[in-house]
Amino acid sequence: MAATTTGTDPDVVVRMFFDALISGSTAAAADLVADDVWWANVGLPTVRGKRAVVGAIAAMHRSVRFGVRTHHLAVAAPADPTDHRSPFVVLTERTDSLGVGRFRCDFWVCGRLEVRDGLVCGWQDYFSTADMARGAARGLIGMLPGLRRT
């Protein structure tokens, strides 16, 4: 696999980006996104531009604990190999966690991140609202006294 022009492999950039999100470091995440970045969660409006995406990440960090368990990560060649500005596509299959207090909701996510010049320039997540509802139900049950989360 060829590296980006900055010498950082796209999979490394994605791992560093998720590490920043997990740690709650909005500043570290901001350092890894391009000025023209976009972020889309299927079914929700697309957030466009570094300022808006970093603002959404900051709001997430203020509201919830975010966790990720990556199950699979795959890197594809640029969408257009004849265009040196074409981003590399990194696919992730993961379990994301959103937590508030003792509540934690775990749900399956498939993500498509685009990396250009060592920066995330696009991010789209696909998830099942039914699976998210099941995760919320498990999270609520896990809060009941005497029950432990597995």
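**Entry 1: leucine 73**

Leaving aside neighbours within four places in sequence, which residues is leucine 73 in contact with? I started here, and the list I found is Asp11, Val14, Arg15, Val90, Leu91 and Thr92, where contact means heavy atoms within 4.5 Å. Leucine 73 itself sits in strand 3. For the record, helices (H or I, at least four residues) and strands (E, at least two) are DSSP runs, numbered from the N terminus.

I then looked up how open the position is: leucine 73 has 23% relative accessibility and counts as partly exposed. My scale for this calls a residue buried under 20% relative accessible area, exposed over 50%, and partly exposed in between (1.4 Å probe, protein chains only). I also checked leucine 73 against threonine 26, 47 residues away along the chain, and their C-alpha atoms are separated by 23 Å.

**Entry 2: what kind of model this is**

A note to keep in view: this is a predicted model, in which local features need pLDDT of at least 70 and side-chain atom pairs count only at pLDDT 80 or more, while totals for chains, interfaces and linings use all residues. Residues are numbered from 1 along each chain as its sequence is written, and side-chain values use heavy atoms, with hydrogens and water left out.

I looked up the confidence next, as pLDDT, the predictor's confidence in each residue from 0 to 100. The protein has a mean pLDDT of 90, with 93% of its residues at 70 or more. Confidence is highest in strand 2 (residues 47–48), at 98, and lowest in helix 4 (residues 129–142), at a mean of 91. Residues 1–5 need a flag from me: pLDDT stays under 50 there, and the model has 15 contacts beyond four places in sequence for this stretch. Where pLDDT is low, the predicted coordinates should not be read in detail.

**Entry 3: helix 1 and helix 3**

Two packed helices are described by the angle between their axes and the distance between the axes. I looked up both for helix 1 (residues 10–23) and helix 3 (residues 50–63): the axes come within 9 Å and cross at roughly 40°. The axes are lines fitted to C-alpha atoms, for helices over the stretch in contact, with angles running from 0 to 180 degrees between N-to-C directions.

**Entry 4: the cysteines**

How many disulfides does a search of the whole structure find? I got zero, with a disulfide taken as a pair of cysteine sulfur atoms within 2.5 Å. The sulfur of cysteine 110 has its closest cysteine sulfur in cysteine 121, 17 Å away, so the two are too far apart for a bond. Cysteine 110 is partly exposed at 26% relative accessibility, whereas cysteine 121 is buried at 3%.

Glycine 122 lies in strand 6. Is glycine 122 buried or exposed? I read a relative accessible area of 0%, which means buried. Beyond four places in sequence, the contacts of glycine 122 are Val37, Trp38, Arg112, Leu113 and Glu114. Tryptophan 39 is 83 residues from glycine 122 along the chain, yet their C-alpha atoms are separated by 6.0 Å.

Aspartate 117 is in the loop between strand 5 (103–116) and strand 6 (119–127). I stopped at its phi, near 55°, a positive value in a residue other than glycine. Most residues other than glycine have a negative phi. Aspartate 117 is partly exposed, at 24%.

**Entry 5: the loop between strand 3 and strand 4**

I compared two residues in the loop between strand 3 (65–76) and strand 4 (88–100), starting with proline 81. Proline 81 is exposed at 68% relative accessibility. Serine 86, in that loop too, is buried at 9%. Not counting residues up to four places away in sequence, serine 86 touches Pro78, Ala79 and Asp80.
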